[in-house]
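Reader: Could you walk me through the labels on this one and the cut-offs behind them?

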Amino acid sequence: MELKTLLYEKEAGIGIITLNRPKTLNALNDELIGELSMLLDVIAADPEVQAVIITGGEKAFAAGGDILFMSTADTLQAEKFVESVRTAFDKIYQLDKPVIAAISGLALGGGSELALACDIRIAAEGSKIGQPEINLGIIPGAGGTQRLTRVVGPGWAKYLVMTGLPIDAETALKIGLVTAVVPKDQLMDEAKKLAGIMIAKSPVAMKAAKQCLNLSLDVDLAAGLSYELKTWSALFATEDQKEGMKAFLEKRQPVYKGR
Ligand code: CO8
C-alpha cells in the first residue's frame, strides 16, 4: 500500500503510524484520513501487529483538520469529510489491539480528537493539547465534545472547547488526558515500552478488556456489569486463560497463543 501522508513501519509486533504532512503541521485532510482508514484495515487483519502507536513530528502531533481544505466546504462537504474522519477514528477505537497516541508538540482540534480515539495517550514535555475550533467559528466535529468529556469530564472539556485555549502537557497529565509526560527524546521509547507490556498479555483477554472498557462509556452500570460477567466467563473457554493461570502456578512467564 503506497502512502503519501503517513509513514508506517512494524517493529517487534508494534505497528507504528507516523503522520507525515510536516509542511502543514500534520493537518488532517481527506487524503490523510483516507490513508489512515485503509491502513487501519490492513493492521486489523495483520496478526503480526499486536499493538499500534500513532505519532507525528517533533513540532506537531497534528494541528487539526486542514483549514485550507475546510475553508471552502459547504454543509454537505463538511459532513462528508467529518463522516470519513469518524469512520477512521472509530476504527482506532474499535480495533482489537491497543492503540497508543505518542504526542510531541501540538495536538490541536482534530489532532487532539485523533489522540482521544486512542486507548492511551502519552506526551512529550512541551506539548500542547487543545480544541481551538471555537476560534474558527465552528466546534469540534470528530469527538471533541463527546470523547473528551468522557476522558476528562465536563469541567475540563467545557474549558477546552469553550475557551479554545490549549493546555500544556503537565496540565493534561493532571486532568487525565495523558497518562505520562516524558522528555521529548524518550517519547517513542516510552510508547514502545507500554506497547511491549500490552503485547505480552493474551490478545484474547486484551480484546475483551478493550470491548468492556469501551462499553462502560455507553451503557448503564447494570448492563455494563452483565456484559463484563459474560465476557469474563467466556475467557474460561480459552487456551490463554488455562496457560495464564498454569504459568502463574508454575512460577514462569505465560506463553499466549491468542486463542
Ligand atoms: N490546517 C491547515 N494548515 C495548517 C494548520 C491547519 N490546521 N495548522 C497549521 N497549518 C499550516 C500553516 O498554515 C502554515 O502553512 P504555511 O507555511 O503555508 O503558511 C504551516 O502549517 C505552519 O504553521 P504556522 O506558520 O502557523 O506555525 P506556527 O508555529 O506559527 O503556529 C499553530 C502553529 C499555532 C498551530 C498555528 O498554525 C495554528 O493556529 N494552526 C491552526 C490550529 C487550529 O485551529 N486547529 C483546529 C483546526 S479545526 C479542526 O481541527 C476541526 C476539525 C473537525 C473534524 C475533522 C478532524 C480531522
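Predicted model: local features only at pLDDT ≥ 70, side-chain atom pairs only at ≥ 80, totals over all residues.

Reader: Why is serine 112 called buried?

Author: Buried means under 20% relative accessible area, exposed over 50%, and partly exposed in between (1.4 Å probe, protein chains only). Serine 112 has 3% relative accessibility, so the buried label applies.

Reader: Which residues does serine 112 touch?

Author: Leaving out residues up to four places away in sequence, serine 112 touches Ala107, Ile129, Gly130 and Gln131; contact means heavy atoms within 4.5 Å.

Reader: What makes lysine 10 and glutamate 48 a salt bridge?

Author: The rule wants a side-chain nitrogen of Lys or Arg within 4 Å of a carboxyl oxygen of Asp or Glu. For lysine 10 and glutamate 48 the closest N and O atoms are 3.0 Å apart, and the pair forms a salt bridge. Lysine 10 lies in strand S1 and glutamate 48 in the loop between helix H1 and strand S3, so the pair ties together parts 38 residues apart in sequence. Helices (H or I, at least four residues) and strands (E, at least two) are DSSP runs, numbered from the N terminus.

Reader: How exposed are lysine 10 and glutamate 48?

Author: Lysine 10 has a relative accessible area of 43%, so it is partly exposed. Glutamate 48 has 52%, so it goes down as exposed.

Reader: What makes lysine 207 and aspartate 96 a salt bridge?

Author: Their closest N and O atoms are 3.6 Å apart, and the pair forms a salt bridge. Lysine 207 is in helix H8 and aspartate 96 in the loop between helix H3 and strand S5, so the pair ties together parts 111 residues apart in sequence.

Reader: How much area is buried between domain 1 and domain 2?

Author: About 770 Å², of which carbon and sulfur atoms give 50%. Buried area is the accessible area (1.4 Å probe) that two parts lose on being put together, summed over both. Tyr93, Asp96 and Arg150 supply 66% of what domain 1 buries against domain 2, more than any other three residues. The domains are 6-199 and 203-249, with bounds from an automatic or database domain assignment. Across their interface the rule finds two salt bridges.

Note on methods. Residues numbered from 1 in each chain as written. Heavy atoms only, no water.
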